[in-house]
Amino acid sequence: MASIYNDIPLPAPANDVWDAVRDFGALHQRLVPGFVTACQLDGDARIVTFANGSVAREVLVDCDDARQRLVYAIDNERLKHYSASVQVIAAGEARCRLVWIIDMLPNELAAYVQEQTKAAVTAMHTAFPGMAA
């Protein structure tokens, strides 16, 4: 199983970043503008349209306000397994880290997903400016 680990420093208070992460239906407006172009809630899931035209249905697994941690999963014909967690960790009053871990199968798609996460990180820096991407 491939595991993709991103530890992203952001120049914003942890509570502000967590508020954007936990706003499950506003991914395209608050957390990764430009990387995600549309996001529509569908029960316990969101239908996400990415800038490259691909679409994914991401199911909300857990949203833990106390730990500032959100978990989601994708189940489709291309992926045997896809589970991701996003956790916001304070690093002082005005900074934080966003730790995004993706576990997935098949391994052959990991390079593509890793490249996509790089574009998502750039979009996060657009959402929370003040630091070079």
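Trainee: Is D19 buried, exposed or partly exposed?
Mentor: D19 is partly exposed in this predicted model, as its relative accessible area is 38%.

Trainee: And which side chain does D19 meet in a salt bridge?
Mentor: That would be R30, with an N to O distance of 2.7 Å. The pair links distant parts of the chain, since D19 is in helix α1 (residues 14-22) and R30 is in helix α2, 11 residues apart.

Trainee: How accessible is R30, then?
Mentor: R30 has 29% relative accessibility, so R30 counts as partly exposed.

Trainee: Which residues are linked with D19 and R30 in a network of salt bridges?
Mentor: D23 is in there with D19 and R30.

Trainee: Why would side chains like that pair up at all?
Mentor: Opposite charges on side chains can pair when the charged atoms come close.

Trainee: How many salt bridges does a search of the whole structure find?
Mentor: The search gives 8. Among them is the one where R97 and D7 meet through their side chains, at 2.9 Å from N to O.

Trainee: Where do R97 and D7 lie?
Mentor: R97 is in strand β7 (residues 96-105), while D7 is in strand β1 (residues 2-10).

Trainee: Switching to rings. How many aromatic pairs does the search find?
Mentor: There are 2 in the whole structure. One of them is F35 with F50, whose ring centres are 5.3 Å apart.

Trainee: Why is that pair edge-to-face?
Mentor: Because the planes of the F35 and F50 rings are at 65°, and planes over 60 degrees apart count as edge-to-face.

Trainee: Where in the chain do F35 and F50 sit?
Mentor: F35 is in the loop between α2 (27-31) and β2 (36-42), and F50 is in strand β3 (residues 45-50). They are 15 residues apart, so to speak a link between distant parts of the chain. F35 counts as buried at 11% relative accessibility, and F50 is buried too, with a relative accessible area of 14%.

Trainee: And how are the rings of Y72 and Y82 arranged?
Mentor: That pair is tilted, because the planes are at 40°, with the ring centres 6.1 Å apart. Y72 is in strand β5 (residues 69-74) and Y82 in strand β6 (residues 81-90), 10 residues apart.

Trainee: Are Y72 and Y82 buried or exposed?
Mentor: Y72 is buried, and Y82 is as well.

Trainee: What sits over the ring of Y72?
Mentor: The charged end of R46, at 5.4 Å from the ring centre.

Trainee: Back to strand β6. How accessible is Q87?
Mentor: Q87, which is found in strand β6, counts as partly exposed at 26% relative accessibility.

Trainee: Which residues is Q87 in contact with, leaving aside neighbours within four places in sequence?
Mentor: R67, Q68, R69, R97, L98 and V99. A polar atom of the Q87 side chain also lies 3.1 Å from the backbone oxygen of R67.

Trainee: How far apart are Q87 and L70 in space?
Mentor: They are 6.4 Å apart, C-alpha to C-alpha, and 17 residues apart in sequence.

Trainee: Last one, D64. Buried or exposed?
Mentor: D64 counts as buried, at 16% relative accessibility. D64 lies in strand β4 (residues 55-64).

Trainee: What does the D64 side chain reach?
Mentor: The D64 side chain reaches the backbone nitrogen of A66, at 3.0 Å. Leaving aside neighbours within four places in sequence, D64 is in contact with W18 and R69.

Terms used. Residues numbered from 1 in each chain as written. Predicted model: local features only at pLDDT ≥ 70, side-chain atom pairs only at ≥ 80, totals over all residues. Heavy atoms only, no water. Phe/Tyr/Trp six-rings, centres within 6.5 Å; stacked < 30°, edge-to-face > 60°. Helix = DSSP H or I, 4+ residues; strand = E, 2+ residues; numbered from the N terminus. Buried < 20%, exposed > 50% of the residue type's maximum accessible area, 1.4 Å probe, protein only. Lys NZ or Arg CZ within 6 Å of the ring centre and 35° of its normal. Polar contact = N/O pair within 3.5 Å; in protein donor to acceptor, adjacent residues only side chain to side chain. Contact = heavy atoms within 4.5 Å. Salt bridge = Lys/Arg side-chain N within 4 Å of Asp/Glu carboxyl O.
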